[in-house]
Amino acid sequence: MSLNYILRAKKFKAKKSLGQNFLIDENIISFIANHASKEDEILEIGPGLGFVTEQLIENSKRVVALEIDKDAINILNKNLGKYENFHLIEQDILKTNIDDLPFTKEKIKVIANIPYYITSPILVHLLGEIDELAHKNRNRISQIILMVQLEVANRIVANENSQNKEYGQLSILSQMYSEAQIIKKVPKNCFSPAPKVDSALVSFEINDKPRVEITRLLKRTVKAIFMARRKNVKNSLLNAEFVGVEQALEKAKIDKTTRGEKLSLVQIQELSIALEEFN
Ligand code: SAM
């Protein structure tokens, strides 16, 4: 741990309500910042006290940082305001369109050590809904490096073969539009104040095309299956008021007693196509 970072974090009265847990481990900070190179333009969500930001400014072409805490903004302006390639904006990420930010390149990278309570809203804000082929924010992003709780990271990268109920709507959304992988586990003592749980960094490399073709009933089928993941797939679909369920399952060659959480994305998509005939 870096004493410099520890002291600066301790001096600041962290706001729980804004999910403020500052990274104080210089190896993790460098690991994150090294994902930026001189040609990159970076959107940093929640720069906090600027420990990651400072290295991102050095490594990249331009950093646009969004922060909503006035106390943090004052510190960031004082310490980093001198850099011409740094743009600090007092704004909520969830109310921000990337198109409105001062970037010059078509594709940008997003780096975010975010408050954990808005992980899912942020992911939907950046990636869009699973059936949203043209999502404005996603179209502007080449890669996202996101710090999340370890348990959430496991859900993001899970598939039908995973244990422990990890596979679900978050896995489907993440993998529909990106190659998502855990690139580092981050123990809780790397933060000040330390959160209650360990974390992980997840990299999302955004693809131009969705993993499977979007069909009319795909989103509704995914929702039905994962709302009642432990139920067999027939009952899950009936519960969600689909009709022609047995015939559709037969057509998609899926055993009606299979649990929804054991279906791959391709199988779910085939099932949604089979359901179209009756719904
Ligand atoms: N990036 C810093 C670091 O790694 O040490 C701070 C991380 S801290 C977990 C999250 C930061 O996000 C805080 O500085 C908080 O004020 C800011 N934040 C919280 N909600 C936000 C929002 N909706 N939009 C932008 N920033 C937000």
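Q: What kind of model is it, and how are residues numbered?
A: This is a predicted model, in which local features need pLDDT of at least 70, side-chain atom pairs count only at pLDDT 80 or more, and totals for chains, interfaces and linings use all residues. Residues are numbered from 1 along each chain as its sequence is written, and side-chain values use heavy atoms, with hydrogens and water left out.

Q: Which residues come nearest to the ligand?
A: L23, G46, E67, D92 and N113 come nearest, out of 22 residues around the ligand.

Q: How much of the ligand does the protein bury?
A: The protein buries 98% of the 600 Å² that the ligand exposes when taken alone, with areas from the Shrake-Rupley method and a 1.4 Å probe.

Q: And where is backbone involved?
A: A polar backbone atom of L23 is 2.9 Å from an oxygen atom of the ligand. For P47, a backbone N or O atom lies 3.5 Å from a nitrogen atom of the ligand.

Q: Changing topic: what is the volume of the largest pocket?
A: The volume is about 440 Å³, taken as the space filled by probe spheres set on grid points joined across faces, edges and corners. A pocket is an open set of points on a 1 Å grid over the protein atoms alone, with protein on both sides within 12 Å along at least five of seven lines; lining residues have an atom within 4 Å of a point. The ligand takes up the space of this pocket, a placement that requires more than half of its atoms to lie within 2 Å of the grid points.

Q: What is the class make-up of the pocket lining?
A: The lining of the largest pocket has 16 nonpolar, eight polar and three charged residues.

Q: How many cavities of 30 Å³ or more are there?
A: There is one; a cavity is a set of points where a 1.4 Å probe fits but cannot get out. The largest cavity has a volume of about 40 Å³, and its lining includes L23, E44 and N113.

Technical notes. A residue is near a molecule or strand if one of its heavy atoms lies within 4 Å of it. A polar contact is a pair of N or O atoms within 3.5 Å; within protein, one must be able to donate a hydrogen and the other to accept it, and residues adjacent in sequence count only if both atoms are side-chain atoms. Ala, Val, Leu, Ile, Met, Phe, Trp, Tyr, Cys and Pro count as nonpolar, Asp, Glu, Lys and Arg as charged, and the others, Gly among them, as polar.
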